[in-house]
Structure formats: structure tokens, C-alpha cells
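Please look over the sequence and the structure shown here before reading on.

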Amino acid sequence: HLYVTRIALTGGPCAGKSSSMEHLKSSLLKEGYDVYFVPEVPTILMNGGSKYPGLDGGDKLMEFEIALMALQLQIERSFTQIAASTSRPSVLIMDRGLMDIKAYLPEDFWFSLLDR
């Protein structure tokens, strides 16, 4: 298997992530890479009916964030496995990544989450 390059785009709304994704895709395809887009996991959950419990959500917030992290890791691993199986030069472009979760949580909550 070839090494799969992974790029996580981060930033707030209207920061240019979507525009960057299109530019990267176009440039990488011209260079002969297969390009995969990993969707933003919180959006998947929200579009599926999940409700964010809010920063004062206590145990509900902890369960939500544990589930979010598990799905983020799984989707990244699945895309990487699929890309690697092609034996072609591949790049994953992720619409945010695991560490973006940290940016939205109080520091003590993040470390409690990691301890779980």
C-alpha cells in the first residue's frame, strides 16, 4: 500500500474551507492523485437528527462528544483504508478533523473526554 496523505482543513464558517477544497482537488487531480473528501462529522450527526446538548450538557455532552470522536476516528480510518487499497497515490481532504473538537470545548472538559 502507498502512503495516503491526509490534510485537515479547519476554520470557522466562511473561512474558505470549501473554496480551498475545490482548489486542492483540481491541483491534486492534475498531478495524478486520487482525491477523497471526508465530510464534517458534526454536520453528519446534526443532519441525522442529533441535538447538540450545549456546553452545560453535563453527561449528555460527554456522551455526545465521545460518539463524535469515535465517528471522526472511524470515518478517517475508513477513508484511509479505502484510499490505500487502490495502491494509487491518494490524498484525503478532511472538512475539519479530530482536533477541531477540542477547539469547541473547555480545556478541562477536553482532558476529561480523553481520559474516557
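The report below goes from the whole chain to two of its residues.

## Basis of the model

This is a predicted model, in which local features need pLDDT of at least 70 and side-chain atom pairs count only at pLDDT 80 or more, while totals for chains, interfaces and linings use all residues. Residues are numbered from 1 along each chain as its sequence is written, and side-chain values use heavy atoms, with hydrogens and water left out.

## The chain as a whole

The chain holds 5 helices and 3 strands, where helices (H or I, at least four residues) and strands (E, at least two) are DSSP runs numbered from the N terminus. Read from the N terminus, the order of elements is β-α-β-α-α-β-α-α, and the C-alpha trace spans about 45 × 30 × 25 Å along its principal axes.

Of the 116 residues, 34% are buried, a term for under 20% relative accessible area, with exposed meaning over 50% and partly exposed in between (1.4 Å probe, protein chains only). Among contacts (heavy atoms within 4.5 Å) between residues at least 6 apart in sequence, 74% join residues at least 24 apart.

## Thr 80

Thr 80 belongs to helix α3, residues 59–85, and it counts as buried because its relative accessibility is 18%. Beyond residues up to four places away in sequence, Thr 80 touches Val 4, Arg 6 and Leu 92.

## Met 46

Met 46 is part of helix α2, residues 41–47, and with a relative accessibility of 35% it counts as partly exposed. Apart from neighbours within four places in sequence, Met 46 is in contact with Tyr 52 and Phe 64. Between Met 46 and Met 94 there are 48 residues of sequence separation and 18 Å in space, taken from C-alpha to C-alpha.
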